[in-house]
Structure formats: structure tokens, C-alpha cells
Amino acid sequence: MGFIKQTEQFGDYSVASTDLSNYFVISEYTFAYNPSRINVGSIAYKSQGKQNSIVSPLYISFKTTEKLEDTYLWYWFKTQNFEKQREVFSEGGVRDTLSFNQLSEMQIYIPQLLEQQNIGILLTNIQKFITLQERKLELYKQLKKYLLQKMFANEQEKTPQIRFKGFDEDWKSEKLGNLVKFYSGLTYSPSDVMNSGTLVLRSSNIKNSDIVDADNVYVNSNIINSEKVKNKDIIVVVRNGSKNLIGKHAQVKHSIKNTVIGAFMTGIRSENPYFISSILDTQKFHIEINKNLGATINQITLSELKNMEFTIPNANLERKEIGMLINNISNLPITQKSKIDKAQQLKQYLLQNLFC
């Protein structure tokens with residue numbers, strides 16, 4: 001490479017009576033990595049304004065020369081170009097190792113310094129955007145969790161802590177079976193599976209409370225003898241090899257054709273689907289699930305689902321208001337995640353095409 005130089009800065013540190021005097025001091029504009037655990041993403045960089053820190057003497061620290069822009073190198077380390085060369089230089093064994101001399105011998109193509117700076121600025125701005133959107137995503141999730149806690153009354157309360165204006169009646173306890181209709185999934189054999197036909201939704205098709213394409217299974221449409229999935233139906237995992245997946249659920253967000261659910265799933269249909277979906281998102285539903293799980297078989301029966309009790313508003317209008325609000329909040333993380341995925345794709349595209 002010829003554009004980096006190793007640093008040897010030691011400091012006098014003592015933390016909790018531990019002697020750290022031989023540890024490296026990592027100052028501004030310095031890279032550091034562990035030569036015994038080297039791969040894409042394992043190299044760290046300390047930019048301007050960050051406080052000095054220390055790393056184990058097992059680490060190697062280095063800086064760039066005046067011909068190489070730090071941010072350009074930083075993002076080059078995240079490219080396949082670096083990964084391919086690392087695999088060539090790596091000594092292998094239990095751990096992949098990469099000495100500083102080997103790193104220095106890697107070939108990197110660089111444009112003029114100004115172009116390096118512009119590439120670094122562009123990728124840094126995209127990463128800042130991604131980080132900001134990830135924070136917003138987490139805030140949306142926290143908002144939904146907060147509203148689910150505050151807008152539903154628990155067993156000891158007759159009213160929730162947060163309520164829409166105009167409603168003041170006490171809430172009542174009601175069994176889930178009195179609020180919805182259930183339908184069972186399809187039982188099929190391996191010989192029924194085809195490359196196309198009727199889609200069977202299974203546990204793998206539920207991710208982050210959404211219906212996704214994942215390891216899709218299609219069966220011969222002639223064998224279908226179960227209810228077809230409709231828009232706004234709620235799909236619940238009722239049997240699985242993992243206890244943690246029992247109760248995992250998602251609401252169908254759009255019209256879906258020629259689709260059924262698998263035998264280990266249960267479908268829920270309601271005149272007030274958003275409110276029912278909100279109920280299943282509460283901690284109370286998880287408590288009911290754990291209460292009914294068997295000791296040896298990881299499943300909940302239809303009877304157990306029907307007998308689950310929840311505290312709900314008397315007024316149907318209040319139920320609809322709650323359901324619509326929670327549904328709107330639930331859609332925010334989905335939209336936000338899509339925005340993040342697109343930004344990540346743009347970043348990866350640029351990493352592949354901005355470097356030789």
C-alpha cells in the first residue's frame with residue numbers, strides 16, 4: 001500500500017489498580033486493528049474531536065501519509081477489494097492473521113486527494129443518514145411499546161392511563177373467542193409441494209410483525225381444503241419446535257391471493273382487526289401464551305386461544321380508535337426500515353463502484 005505508517009504511542013494509565021502503562025494510546029486520525037482477528041469491519045478509526053483511548057498491545061495502530069485521505073481508506077476497508085486481498089495475505093489457521101507488513105503490501109488505487117476527500121464525504125454523509133434513520137426506527141418502536149403499556153388497562157385496573165377524549169366508561173374482561181373467528185391451517189405432504197400454486201404461510205413468513213417472502217412453500221391448489229387468507233387477517237404461530245416462536249404473529253396488510261396458512265398456524269378474522277392486532281401486541285398476550293404452554297409440546301390449542309381473557313373497552317368506537325392509532329404507529333417502523341434498507345443498498349452500490 002505504501003500510504004500508511006505504524007504508530008507506537010504508549011501512555012501511563014492505571015484503571016482500577018490495573019497497570020495499563022504498556023497499552024497503546026489511540027489519538028486523533030489513527031486506525032487500529034487486531035492482526036489476529038482481521039476482517040471487514042474489524043478495523044477502527046478515531047476521527048477528529050474524539051477523546052484519546054487505549055487498546056491492548058496486541059493491537060496495531062497506524063496513520064495515513066499526506067497522499068491518502070483517512071475517510072477514503074476507512075471506506076476502502078469496507079469493500080470487497082480489501083476482503084479479497086485479506087484472504088490472499090491471511091495466514092489462516094485457527095484465526096486469520098494479517099501483520100502490518102502484509103497490510104502495507106496491499107494494493108490500493110487512489111485518485112487525486114480532492115476526489116478522495118469527496119468520496120469520503122459522500123459515504124460519510126450516507127452513513128450519517130443511515131444512523132439517523134436507525135435512531136428514528138428505534139424511537140418508533142419505543143413509542144409503540146409505550147402506547148401499548150399506557151392505552152390498555154391491566155387486570156387490576158378498570159381504565160387505562162391514557163385514553164381518548166370522550167370515553168369514561170370502565171373497561172370489561174372479555175374472552176378472545178367472543179371477539180373473533182378462528183380458522184385452521186392446511187395439512188399437506190411433501191408430495192403436494194410444487195414450484196408454484198397456492199402459497200402456504202408458515203412461521204418463516206412472519207418477521208418483525210410483518211408477512212415476508214422467506215423460504216416460501218407452494219402446494220398443489222387441488223388439495224386446498226382450508227380457509228384462504230384475506231386482507232387484515234392475523235396469522236399466529238401456535239405450534240413450533242421453539243417455544244420462543246409460539247405466539248409470533250402478523251397482520252396481513254394488503255390483499256393476498258391464493259394463499260393459506262400452514263397446519264402449525266391459526267388465522268384470526270375480526271370486524272375490528274386493528275384492535276385485535278393491538279391486543280396481541282400487548283404484554284398480556286405473551287403472559288397468556290406462557291400460561292398455556294405445555295411442558296413437553298410447544299403449542300397452544302384453539303381452546304386455549306379462545307379462553308384467553310383481556311380487559312377491553314365497552315364502546316366499540318373506543319376500540320376502533322385505539323386500533324387505528326396503534327396500527328398507524330405500527331406502520332412507521334415498516335416504512336422506516338424500508339428507507340434504511342434503500343440507503344444501505346445505495347451505500348453498498350457506491351462501495352462497489354467508487355473504488356477501483
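Glu-288 is buried, and so is Lys-284, where buried means under 20% relative accessible area, exposed over 50% and partly exposed in between, with a 1.4 Å probe and protein chains only. These two residues form a salt bridge whose closest N and O atoms are 2.6 Å apart, a salt bridge being a side-chain nitrogen of Lys or Arg within 4 Å of a carboxyl oxygen of Asp or Glu. The model is predicted, so that local features need pLDDT of at least 70 and side-chain atom pairs count only at pLDDT 80 or more, while totals for chains, interfaces and linings use all residues. Residues are numbered from 1 along each chain as its sequence is written, and side-chain values use heavy atoms, with hydrogens and water left out.

**Salt bridges**

- Asp-281 and Lys-144 meet through their side chains in a salt bridge of 3.0 Å, N to O, which links distant parts of the chain, with Asp-281 in helix α5 (residues 273–281) and Lys-144 in helix α4, 137 residues apart.
- Asp-281 is buried at a relative accessible area of 19%, and Lys-144 also counts as buried, at 15%.
- Arg-269 forms a salt bridge with Glu-227, the closest N and O atoms being 2.9 Å apart; Arg-269 lies in strand β19 (residues 265–269) and Glu-227 in the loop between β15 (217–219) and β16 (234–237), so the pair ties together parts that are 42 residues apart in sequence.
- Arg-269 counts as partly exposed at 22% relative accessibility, and Glu-227 is partly exposed at 35%.

**Helix packing**

- The axes of helix α4 (residues 113–150) and helix α8 (residues 316–353) come within 9 Å and cross at roughly 160 degrees, the axes being lines fitted to C-alpha atoms over the stretch in contact and the angles running from 0 to 180 degrees between N-to-C directions.

**Sheet**

- An open sheet of four strands has the order β11-β15-β12-β18 with mixed pairing, where two strands pair if DSSP finds at least two bridges between them.
- Strands β11 (193–194) and β18 (259–261) stand at the edges, each with a single partner strand, so one side of each is left without a neighbour in the sheet.
- Strand β12 (residues 198–201) pairs with β18 in the parallel sense over three bridges, and Leu-199 stands opposite Thr-259 in β18.

How values were computed
Helices (H or I, at least four residues) and strands (E, at least two) are DSSP runs, numbered from the N terminus.
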